[in-house]
Structures are given as structure tokens and as C-alpha cells.
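Colleague: I am new to this structure and would like to go through it with you step by step. Could we begin with a single pair of residues and widen the view from there?

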Amino acid sequence: MRKIPLKSAIGSLPAFIGYLRLRWACKRFRTFHAPDYGTASVYCVGSGPSLDLFDVSTVKNATVLLLNGAIDVHSRFDPSNKLLWVCQDTGAIRSTYARVPDHVGRIVTVHMYEGAGRILRLLRNSDFFFLAAPIFRAKFPTKEQAAKDRLYFRPRLAGFDGQPLVLASLNDGCVYPVSVMLLAIAIALMIAQDEVHLLGFDMGHGPAEAKNNYSAFVKSKTATGPDRFPVHAVERYLKAFREQAETTNRQIYNHSPYAPETVLLRKP
């Protein structure tokens, strides 16, 4: 068993407390039942600038997963669609939750346990909330940084900590690093009967003349860029997602002309 440094144990007390609060509260939330949202096509909608190149009004009778600030485009989708908001970043939950309308379902988790009280004050009993199991590990495993003398009490990560790359259920007890889009694709594979479509998944890239790398329809913006998305790490997940989809004759399409990933099929 790996010995946990005393510095790590003491520094992780806020996370310990937050985890216990979240775990105690889990029983008040709804359980996500994937078949309730089963449709032929599922759209995972990010906030990248390529979202503005796609006419979302053409999407009909699909399940649409709106990620973080992409909730701001919900009214542009046809009423025939089933809308869900997906968020796993605690900062994005606090800044965006109030903008999610009542008719949109909410799938929420956290990428860290600190600040649990502020999150729980926002969430409603009707939300789909799931909590990843904890582990001591390096803070940024996808960036391959050494832990040095400090480990962090954080949620388990898909593809790390002994977890599979593709989730079979939200009850698998882990979340995704790097991007909420990875979580959305995993959820989409639980729902989609034929195709998964990624919109606005630009991985921090955009047109050269852009002042920022966000859709013009997203209200709140924080600094981002290509450095935030390690391509080799993202492609590791995308490859596993594509292989999983193809075992059941399904396809995943990325509609972004900007994203540097080379794994998924592209649609202009």
C-alpha cells in the first residue's frame, strides 16, 4: 500500500470534509436512467467557436447534451429534442447553474470535493448527481507531472486509478480529466442508438482572427487555449470511445474544423 505523506493528509482535510458532505447528500438526488433518453442521435455541445458554424435548428428528435456554458444556446434547439446540461467543474457549476432553465435536465458531478457546501446549496433534488469515489493521487496525471512530496485527495479518474477509459454507467465511480466533453461522450454512448455528434469541441483552437476561443452565444467566458488540452491524452480517450461505438455499429462524428485530434470521423 502506498504510504500517504502527513503533509498530504493534513492538506486534504477540506477535501475529506467535502467528500463526506457530498456522499451524505447523494441519496436526495435522482438516479440517471439512460434508456429514458435513448434516441438515434445524441449531440454533445461544447462552447468552442465552431459551434457558430453549425445550424443547431436542424437538430430534431435527438438527445442534446449541453456542456457548461453551452447551456446559453438551449433556446436555439428545436422543441422536439431532449435537453440535458452536463457539468463536472465546480467553478462552472457555480457560475452557470442559475442559467439552466427548469425544463432542461441536469447531470452534475464534481472534479474536486472542496467547496461542497456551495455546490449543495445550488443543486435541486430533481438533478442527476453522481459522486466519484476518492483516491490519493497526483493532481495533474494527464500532464504527467510528478507528485513530489504531495498527493491530493481527489475523485478517481476514468483511464487512471485502475478505472476503464469508457464508463458503462455513471455508477462506475469516476469522472474524466481535461474536458467535460469526454464525460459527455461517455454518457452519449450510454444513450445513442446510431450516432454521436460533437459540436463546438475545438480543444482550445479557433479561427486565427478570433479574440477568444468561445462561441459568440456563450455569455460567460474564462481564459482558455490549446495548452489546456493535451492532444495525446484526449486522443487516448477518443480512440477508446470510437472502438466502443464501432463494436455496436455506431459512429462518433466531430463537426469541428479546428480541433487537432485525428481520431474521430469529421463532418464539415
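**From one residue pair to the whole protein**

Colleague: Which residue stands opposite K82 in β3?

Modeller: This is a predicted model, in which local features need pLDDT of at least 70 and side-chain atom pairs count only at pLDDT 80 or more, while totals for chains, interfaces and linings use all residues. Residues are numbered from 1 along each chain as its sequence is written, and side-chain values use heavy atoms, with hydrogens and water left out. Five bridges join strand β2 (residues 63-67) to β3, and these strands run parallel; strands here are DSSP runs of E with at least two residues, numbered from the N terminus, and two of them pair if DSSP finds at least two bridges between them. The residue standing opposite K82 in β3 is T63.

Colleague: Which residue in β4 does W85 stand opposite?

Modeller: Strand β3 is also joined to strand β4 (residues 105-108), by four bridges, and the two run parallel. Across from W85, the residue in β4 is R106.

Colleague: How many of the six residues of strand β3 are buried?

Modeller: Buried means under 20% relative accessible area, exposed over 50%, and partly exposed in between, with a 1.4 Å probe and protein chains only. Strand β3 (residues 82-87) is largely enclosed by the rest of the structure, because the number of its six residues that are buried is five.

Colleague: What is the relative accessible area of P260?

Modeller: P260 lies in the loop between β9 (251-254) and β10 (265-266). Leaving aside residues up to four places away in sequence, P260 touches D202, M203, H205, V231, E235 and R266, where a contact means heavy atoms within 4.5 Å. P260 is partly exposed, and its relative accessible area is 29%.

Colleague: What distance separates the C-alpha atoms of P260 and G204?

Modeller: Along the chain, P260 and G204 are 56 residues apart. In the model, their C-alpha atoms are separated by 9.4 Å.

Colleague: What is the radius of gyration of the protein?

Modeller: The protein has six helices and ten strands, helices being DSSP runs of H or I with at least four residues. The radius of gyration is taken over C-alpha atoms, and the globule rule is 2.2 Å times the number of residues to the power 0.38. For 268 residues that rule gives 18 Å, so the protein is as compact as a globular protein of that length, with a radius of gyration close to the rule's value, at 18 Å.
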